[in-house]
Amino acid sequence: MKLVNQQLIKNNNLKLLYNLIHQEQGISRTQLARLSQLSKTTVSSLVDELIERNFIYDSGTEENGAIGRNPNSLQLKSGELYVVVMRWSEREIETQVIDICGSTVFQLLTVLGSRSYGEESAQIFFHTILEEFPSQQLLGISIVIPAMIDGEREEIFSTTLNPSLLTPDTISILRRNFSQFPVALLNDTACTAYAEKIYARVSEQDFAFINFDKGIGATLFIRNVMLGQATASYTQFGHYSVNPKGRLCSCGNHGCLEITIGEDALREQLLKTGTPTPLTALLELTYADLGTSATYGDAAAQKVIQYIVENFSPALANLVCLVHPKLIIIGGRGKELGAVFLEELQKSLKTTGFQKMMSSLQVRYGMLDSDACFKGAMKYFFDIHFDFTQTMTAKIFFG
Ligand SMILES: [Zn+2]
C-alpha cells in the first residue's frame, strides 16, 4: 500500500514538473521548486529522471560550448515520444501521430471497407504506424469516438458510427490486438473540450463546452474536473428533447436537440421560411453556409439562425439550471454560425432561464481549429492515463 502511494505521488510530481516546463519553457530547477512547492533535492532528482527518459532536456548543458551557457534552462524534448490518435467516424478512420509537445508528425485517412472499426484500427497500427515509429517511442493509443463509453459494461453506444462495423466484440478485438500497448477510448467532444481547456488556457473552473459536429455534445468541467471523465456517460446534451412530440431520433427519444438543430435539419427549416434565397440551391446546408449568408444580410439564413437560437437557448438555460457553469464555449462547427448567431443567442439568454444564474453567464466561441480533438486526445492520455511509474502494457482505459 505504501509503495502504491509513493508511486502515485512520484507520478503526479513528474507530471506536475513536466507541465510546468510546458507552460514556461526555459524554466530553471529553482523556479520549478518554487512553483511546485517541492524541495530542490526532489526537483533535481525528478528532473534528472525526465531528462534520462527523453521527456525534457537542459539546453544549458546540452549545448557543447561552455561560454556563456545557462546551466539551468529546461525545455520539452520534441521528436522523441508520441501518442497515436485514431478518430472513428461513420465512413473512415483518421489517424494522427502526435508528439507529446503537441505537434502532429504523421497523418493518415483510411476509408472503411468491410473490416470492423476494431480490426481496421489494429491493421493501421501494426501495418503502418509501427513501420514508421519504433514501439518504444509510442506512449499509447487514444481512440476517439462519437459515442457514450460504458467502462463497467465495456460497451460503446453510438448513434453516428456505422452500426455494422461497430461489432459487439469491439473491446475484445482491441484487447486481443493491443496487448502490448495501452489504449484509451475517449469521447470526441471531451477531447475537443480538453484541448480548449489546456491549449486555449481556459481559467474558469466551471464551464460547459458544447460541440456542434455531426451530432451535438457537451462536456462539463466542475471545479476544474471533467464530469464523468471522457466517457460522455453523464451528459447527452444532444439528446435533450426540445420537442417531446417531435421527430423520432435514433436514440429512441423524440425531438432531440441534435435532430432539431443539427446540420441535417437546416435545409428543411430553410425551405419552411418561404423566404427566397440562393441557399435553396444547396443540397446540403451547413452552419458555415448559414453563418456567412446571415452576416451579409440574407433574410432566410437569419430566420433559420433565429430558429436555432429559439431551440438551443432553452436547452442551454436548463443545462445552466442543473449544473451552473459560469462560461459556455461553443466549439466544433458551431462557431461557423458566426457573429449573428452569437449575438442573437446572448440576447435570447437574457430572457430565458433562471436569471440569477443566467445574468452572469458568459457565452463565447471556442478558440481552436478542427484538429483540436486530436491534440486534446493526446494530452488527455498523457495527463490522465500515462503513468511514469508503471508498465503501461495491456491496459484499456474507458474515458
Ligand atoms: Zn436523440
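**Close-up 1. Glu310 in helix H11 of the predicted model.** Glu310 belongs to helix H11, which spans residues 299-323. The surroundings of Glu310 hold 15 C-beta neighbours inside 10 Å, so this residue counts as partly exposed. A residue is called buried if 20 or more other C-beta atoms lie within 10 Å of its own, and exposed if 12 or fewer do. Leu349 lies 39 residues away from Glu310 along the chain, and the C-alpha atoms of the two are separated by 9.8 Å.

**Close-up 2. The crossing of helices H10 and H11.** Helix H11, which carries Glu310, also packs against helix H10, formed by residues 287-295. The two axes come within 8 Å and cross at roughly 120°. The helices are therefore oblique to each other, and their crossing is left-handed. On the H10 side, the contact is made by Leu290, Ser293 and Ala294. Helix H11 contributes Ala301, Gln302, Val304 and Ile305. By class, five residues of this contact are nonpolar, two are polar and none is charged.

**Close-up 3. The packing of helices H5 and H6.** Helix H5 comprises residues 117-132 and helix H6 residues 170-177. H5 passes H6 in a right-handed crossing. Tyr117, Gly118, Glu119 and Ala122 of H5 meet Thr170, Ile173, Leu174 and Asn177 of H6. The residues of this contact divide into four nonpolar, three polar and one charged.

**Close-up 4. The open sheet of six strands.** The strands follow the order E5-E4-E3-E6-E9-E15, and their pairing is mixed. Strand E5 (104-111) and strand E15 (396-398) stand at the edges; each has a single partner strand, so one side of each is left without a neighbour in the sheet. On average, neighbouring strands of this sheet are turned by 20° against each other, direction ignored. Within the sheet, strand E3 (residues 82-88) pairs with strand E4 (residues 92-99) in the antiparallel sense, over seven bridges. Met86 stands opposite Thr95 in E4.

**Close-up 5. Helix H7 across the sheet.** Helix H7 is formed by residues 188-199. This helix lies across E3, strand E6 (138-145) and strand E9 (183-187). Relative to E9, helix H7 runs at about 90°.

**Close-up 6. Strand E11 and its two hairpins.** Strand E11 (residues 216-222) is mostly covered, with six of its seven residues buried. Strand E10 (residues 207-212) is joined to E11 by six bridges, and the two run antiparallel. Phe207 stands opposite Phe221 in E11. Three residues lie between E10 and E11 in the hairpin that they form. Strand E11 also pairs with strand E12 (residues 225-226), in the antiparallel sense and over two bridges. The bridge partner of Ile222 is Val225 in E12. The hairpin of E11 and E12 has two residues between the strands, and Arg223 takes a positive phi near 50° there.

Note on methods
Residues numbered from 1 in each chain as written. Predicted model: local features only at pLDDT ≥ 70, side-chain atom pairs only at ≥ 80, totals over all residues. Pairing = 2+ DSSP bridges. Helix = DSSP H or I, 4+ residues; strand = E, 2+ residues; numbered from the N terminus. Axes fitted to C-alpha atoms, helices over the stretch in contact; angles between N-to-C directions. Contact = placed C-beta atoms within 7 Å. Left-handed = near helix turned anticlockwise from the far one by under 90°. Nonpolar A, V, L, I, M, F, W, Y, C, P; charged D, E, K, R; others polar. Parallel < 35°, antiparallel > 145°, perpendicular 65-115°, else oblique.
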